[in-house]
Amino acid sequence: MMCADYTNLNQACPKDSFPLLRIDQLVDSIVGHQLLSFMDTYSGYNQIRMDPADEEHTAFRTDKGIYCYKVMSFGLKNVGAIYQRLMNKVFKELIGRSMEVYVDDMLVKSVRREDHLEDLEKCFRILR
């Protein structure tokens, strides 16, 4: 495993102030729902392509040569905000209804137990 220090890069980048959902709002949004499914999209941000013009800023050296990231790397200042914005866009039809997303944690919620499989299918269809 490798660890990259993005301290200088993060200091040079402006902060993306995209608002994250407050945890208390997330908890309040599940009141009255009979079934919940929690999913962790661990490292989902690693599937988001970097802007090619920004790839060189993530360069690092190894004994085999110089490399850079072509996808978002954890440790970059704005990864959370960028990922949340993307998830809000991808799941815009479900968020607040049958789904909530907090960065890399997703929650499918169903008011009626019998609707839960259908609600999960909608989520998985979008993920595909």
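The views are taken from a predicted model.

View 1. The largest pocket has a volume of about 280 Å³. Its lining consists of 15 residues. Nearest the centre of the pocket lie Cys 13, Met 50, Asp 54, Leu 76 and Ile 82. Two helices, H1 (7–12) and H4 (79–90), each contribute at least two residues to the lining.

**View 2. Three strands form an open sheet.** The strands follow the order S1-S5-S4, and their pairing is antiparallel. Strand S1 (35–40) and strand S4 (99–102) are the edge strands, each pairing on one side only. On average, neighbouring strands of the sheet are turned by 15° against each other, direction ignored. In general, the strands of a sheet pair through backbone hydrogen bonds, in either a parallel or an antiparallel manner.

**View 3. Helix H5 packs on the sheet.** This helix comprises residues 116–127 and touches S1, S4 and S5. The direction of H5 makes about 145° with that of S5. Five of the six residues of S5 are buried, so this strand is largely enclosed by the rest of the structure.

**View 4. Strand S5 is joined by bridges to S1 and to S4.** Six bridges connect S1 with S5, and these two strands run antiparallel. Here Asp 40 stands opposite Asp 105 in S5. Four bridges connect S4 with S5 (residues 105–110), again in an antiparallel arrangement. Within this pairing, Glu 100 stands opposite Leu 107, and Val 101 has Met 106 as its bridge partner in S5.

**View 5. A hairpin is formed by S4 and S5.** Two residues lie between the strands of this hairpin. Val 103 is found in the loop between S4 and S5. This residue has a positive phi of about 50°, although it is not a glycine. Is Val 103 buried or exposed? Because its relative accessibility is 18%, and buried means under 20%, Val 103 counts as buried.

**View 6. Tyr 83 has contacts with residues beyond its sequence neighbours.** Tyr 83 lies in helix H4. With a relative accessible area of 4%, Tyr 83 is buried. Which residues does Tyr 83 contact, leaving aside its neighbours within four places in sequence? These are Thr 41, Gly 44, Tyr 45, Ile 48, Val 103 and Asp 104. Tyr 83 and Tyr 45 are 38 residues apart in sequence, and their C-alpha atoms are 6.1 Å apart in space.

**View 7. Ala 4 and Phe 60 are 56 residues apart in sequence.** In space, the two residues are 7.4 Å apart, C-alpha to C-alpha. Ala 4 belongs to the segment before H1. Because its relative accessibility is 26%, Ala 4 counts as partly exposed.

Note on methods:
Residues are numbered from 1 along each chain as its sequence is written. This is a predicted model: local features need pLDDT of at least 70, side-chain atom pairs count only at pLDDT 80 or more; totals for chains, interfaces and linings use all residues. Side-chain values use heavy atoms; hydrogens and water are left out. Two strands pair if DSSP finds at least two bridges between them. Axes are lines fitted to C-alpha atoms, for helices over the stretch in contact, and angles run from 0 to 180 degrees between N-to-C directions. Contact means heavy atoms within 4.5 Å. On a 1 Å grid over the protein atoms alone, a cavity is a set of points where a 1.4 Å probe fits but cannot get out, and a pocket is an open set with protein on both sides within 12 Å along at least five of seven lines; lining residues have an atom within 4 Å of a point. Grid points are joined across faces, edges and corners, and a volume is the space filled by probe spheres set on the points. Buried means under 20% relative accessible area, exposed over 50%, partly exposed in between (1.4 Å probe, protein chains only).
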